[in-house]
Amino acid sequence: MKTDLTDTTASKINKALVLGRRAIGTPAVGMVLTLVIVTDEENAYDALKAASDAAHEHPSRTLVVIKRVSRSPRDRTRSRLDAEVRLGADAGTGETIVLRLYGDVVDHAQSVVLPLLLPDAPVVVWWPVNAPLDPAKDPLGALAQRRVTDTYACEEPIRELAARSDAYAPGDTDLSWTRITPWRSMLAAALDQVDCKVQSVEVEGEEFNPSCELLAMWLADRLDVPVRRTVSGGPGLTAVRMDTDCGPVVLDRADGSLANLSIQGQPARAVALKRRETAELIAEELRRLDPDDTYASALRYGVDRLNESAKGDRAGEGDALAVAAPVGTVAKASAKDAAQEKTPVRKAAAK
């Protein structure tokens, strides 16, 4: 069931929800949370489709906030709210309300969203694109227990990580971090199988991919070893190589689907490590609404290394600062060329 409301108010939208639930024979509200999606017209369809798929696991009221651009001075001074209410088969297992804001009301989206939140239920705000620099201080972000951004969708994703660290607040998270959950699980399981000490790590992946940087930061933070970031043709993360005192541990995924795990003294094995869709990432984030301390620790570690590298106070650390190098300027050479250029750099540092 779909109801279109033009030049409406939050009160009329709530009435349409009540009438719609009665019409389809489900007067009770069975939603577990409110998901607020802040996006534009270009990305609204993809974001709503991902949220609808995730709602099969987490039935929720989905509010899609689309801030329309007014093209004339007169339109910018006229406030208008259009809404599209979807229930039943048109909304999957949840409820969907598409809000289109015009004029001055664009700057007061929180006043429209607040009356539509489910009572006594958690609120999650997701920015598929154009996320604010400080999500926790954004008027809509202040309503939520969990704030989801995606640095992969930014124009300069690596630099965005530094801004995210400076503005981090408990409840912030990033889909670029969610993308590496299977990698972190697999690497932790691999190290559980050996009684060795990790000496250094190399993370290989495509250029300007914040997931690669976050994985490198996490490894450097948890293992306290030098981590080197190298560039490959992708897709996404392609390999992690850990040098240990018992031999190398390598997790290699060249095709974006099937990975090969090799541990010294053990037969190589194939492991499923496919690249996941946005719906799967959102569903994972909705499983836990408490602060992600591991993400916060990894994020801050990377920025610390970035600051040290920028100031040049510790020129002798070389490899240990390599994890922050892509944040400033990512090497455009291949991994092989980067390895050849490393020798003169070390000599200069030794001098």
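Select Cys154: with a relative accessible area of 22%, Cys154 is partly exposed (buried means under 20% relative accessible area, exposed over 50%, and partly exposed in between, using a 1.4 Å probe and protein chains only). Now jump to Cys212, which is buried at 0%.

Some housekeeping before the next stop. This is a predicted model, in which local features need pLDDT of at least 70 and side-chain atom pairs count only at pLDDT 80 or more, while totals for chains, interfaces and linings use all residues. Residues are numbered from 1 along each chain as its sequence is written, and side-chain values use heavy atoms, leaving out hydrogens and water.

Next, pick Cys196 and Cys246 together. They form a disulfide, with 2.0 Å from S to S; the rule asks for a pair of cysteine sulfur atoms within 2.5 Å, and it gives a count of one. Cys196 sits in the loop between α7 (181-192) and β9 (198-206), and Cys246 in the loop between β11 (237-244) and β12 (247-252), so the bond ties together parts that are 50 residues apart in sequence. (Helices are DSSP runs of H or I with at least four residues, strands runs of E with at least two, numbered from the N terminus.) Look along the S-S bond: the torsion is about -115°, so this disulfide is left-handed. Cys196 is partly exposed at 24%, and Cys246 is partly exposed at 38%.

Now for the inside. Select Val201, Val203, Leu215, Leu219 and Val240: these have the most contacts inside the largest nonpolar core, which has 36 residues. Such a core is a set of buried Ala, Val, Leu, Ile, Met, Phe, Trp, Tyr and Cys residues joined through side-chain atoms within 4.5 Å. Among the elements giving it two or more residues are α7, β9, α8 (210-223) and α10 (293-311), and α8 brings the largest share, eight residues.

Stay on Leu215 and show its surroundings. Beyond neighbours within four places in sequence, Leu215 is in contact (heavy atoms within 4.5 Å) with residues including Trp183, Leu187, Val203 and Val240. Then move to Leu17, Leu81, Ile97 and Leu116, which belong to another core, of 29 residues, apart from that one.

Last stop: helix α9 (residues 278-285). How many of its eight residues are buried? Six of them are, including Leu281, Ile282 and Glu284. Bring up α2 (41-54), β6 (123-126) and α7 to see part of what covers them.
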